[in-house]
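Subject: Two-chain model, with notes

Hello,

Here is the structure I promised to pass on. My notes follow below it.

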Amino acid sequence: MNKKILVLLIAIVVVGSLVFWINNKGKVSTLVETPKTSATPSPFKKNEVVVTIDKNGFEPSSLKIKKGQRVVWVNKSGNKVTVNSNNHPTHLIYPPLNLGEFKDGFSVQLVFDKVGTFGYHNHYKPSQTGEIIVE
Amino acid sequence: MKNLLKTPKVQMASALFLIFLSSLFEFKSFQAIVAFAVILLSTLISDFIFLKIRGIKLFFPSAAIVSGTIITLLSLPALPLYIPISIGILAMFSKNFIRIENRHIFNPAGFGLLSGSLIFSQTISWWAVSWQGKLLISFAILLLPGIISLIRLKRFQIFSFLIFYAFLNFFLLRQPLNGTFIDPMLIFYSLVMLPEPMTTPNNHFRQITFGIFVAVFAFLISSPFIVAKLHLVSVLDPLIFSLLLGNLIFFKFK
């Protein structure tokens, strides 16, 4: 039995390494580092709307935009956060909103090309929620 | 003592504790350690009291330890302590009193978590397992419960859940297969929550059917096809709800 457990543990490590390597292979980062100083010109374009994430959550938590506009989420919370589609924890209602984890000082973005109301949340603190209303 | 360490429940509790420890490397939270201690005390004491009420001879509380650890991994540490304490009590209540023919119906940790989320309007956070895929060592630790549940307890057919759920996501929502198969939360759910031996079928065919049922139901109540139409309560966790519904429906088909 001890030998079997040892073999299994080795198999777990090997399989886990393979999965880890496949998962991280060729990952294209969509993260954008946002300049921290206010002296630089705003990096955000005209057709972009910004949502800030701080320690309390998303601000503004509800946002109305036009179809085709880009929303940029900027992390100023001091921690890693995520933007994920509702419902927690399966995130299937609007999968393009599964923008994943990003660190403090970074941002993620999405162009909304469909009309509707799209709820999202921070997967690490699912009580932090927001919605984008696209008209 | 040696015999105790060889039991599946104690080994599962040890694996879950390792997952908790690895999560502390990412979320360096003293609150989490306090929450763990408080939740564990809550499940142990309430299980002890409920067993006394039932007139059952006391035994090593491995089930209460497993349930308490699962509740710790899935409940946000920042919650006011009365919430996880209540969840622990609800879990042990379901284990001791929601029974038919001397067998409890629902996964105790799942019951406690879901009823707690509905009573206190708090989403089940899955905080400790959400990030476990980022480092190789943490991912390997996440897989440890699989040795116990799938191989030792011979519950590997329940892995049909993950396969079916992944393909539903792929064919109906165009989600990449690898994203579902290596989602740490879904792996934890498949290896720890689903195969709980007292509340799932023993028969291999029924295990497959159980896994598929939970996959289909969890997908349906998570997906855009159904959610908007049903106006489901926003804190209702689709995975835990599907698990408990599966426990109820398959209770007769052990």
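This is a predicted model: local features need pLDDT of at least 70, side-chain atom pairs count only at pLDDT 80 or more; totals for chains, interfaces and linings use all residues.

**Helix α14 of chain B**

Residues are numbered from 1 along each chain as its sequence is written, chains are lettered from A and ligands numbered from 1 in the order in which they are written, and side-chain values use heavy atoms, with hydrogens and water left out.

Helix α14 covers residues 238-249 of chain B, twelve residues. Helices (H or I, at least four residues) and strands (E, at least two) are DSSP runs, numbered from the N terminus. From first C-alpha to last, α14(B) reaches 16 Å, close to the 16 Å expected at 1.5 Å a residue; the expected span is 1.5 Å times one less than the number of residues. At its start, a side-chain oxygen of D237(B) comes to within 2.9 Å of the backbone nitrogen of L239(B).

**Cores**

A nonpolar core is a set of buried Ala, Val, Leu, Ile, Met, Phe, Trp, Tyr and Cys residues joined through side-chain atoms within 4.5 Å. The largest one has 72 residues, and those with the most contacts inside it are L16(B), L74(B), W126(B), F161(B), F188(B) and Y189(B). Apart from it lies another core, of 21 residues, among them V71(A), Y94(A), L97(A) and V134(A). Leaving out residues up to four places away in sequence, W126(B) is in contact (heavy atoms within 4.5 Å) with residues including H88(A), P89(A), L74(B), F188(B), D237(B) and L239(B).

**Between the chains**

The contact takes 22 residues from chain A and 34 residues from chain B. About 2600 Å² is buried between them, with carbon and sulfur atoms giving 71%; this is the accessible area (1.4 Å probe) that two parts lose on being put together, summed over both. Helix α1 (residues 2-24) of chain A supplies the largest share of the side of chain A that touches chain B, nine residues.

The count of salt bridges (a side-chain nitrogen of Lys or Arg within 4 Å of a carboxyl oxygen of Asp or Glu) between chain A and chain B is zero. Four residue pairs are in polar contact across the interface, both at pLDDT 80 or more. A polar contact is a pair of N or O atoms within 3.5 Å; within protein, one must be able to donate a hydrogen and the other to accept it, and residues adjacent in sequence count only if both atoms are side-chain atoms.

S222(B), in helix α12 of chain B, is buried at a relative accessible area of 0%. Its side chain makes a polar contact with the side chain of T90(A) (3.0 Å), and reaches the backbone oxygen of A218(B) at 2.6 Å.

**A buried aspartate**

D47(B) sits in helix α3 (residues 30-54) of chain B and is buried, with a relative accessible area of 2%. The side chains of D47(B) and K95(B) are in polar contact (2.9 Å).

Regards

Note on methods:
Buried means under 20% relative accessible area, exposed over 50%, partly exposed in between (1.4 Å probe, protein chains only).
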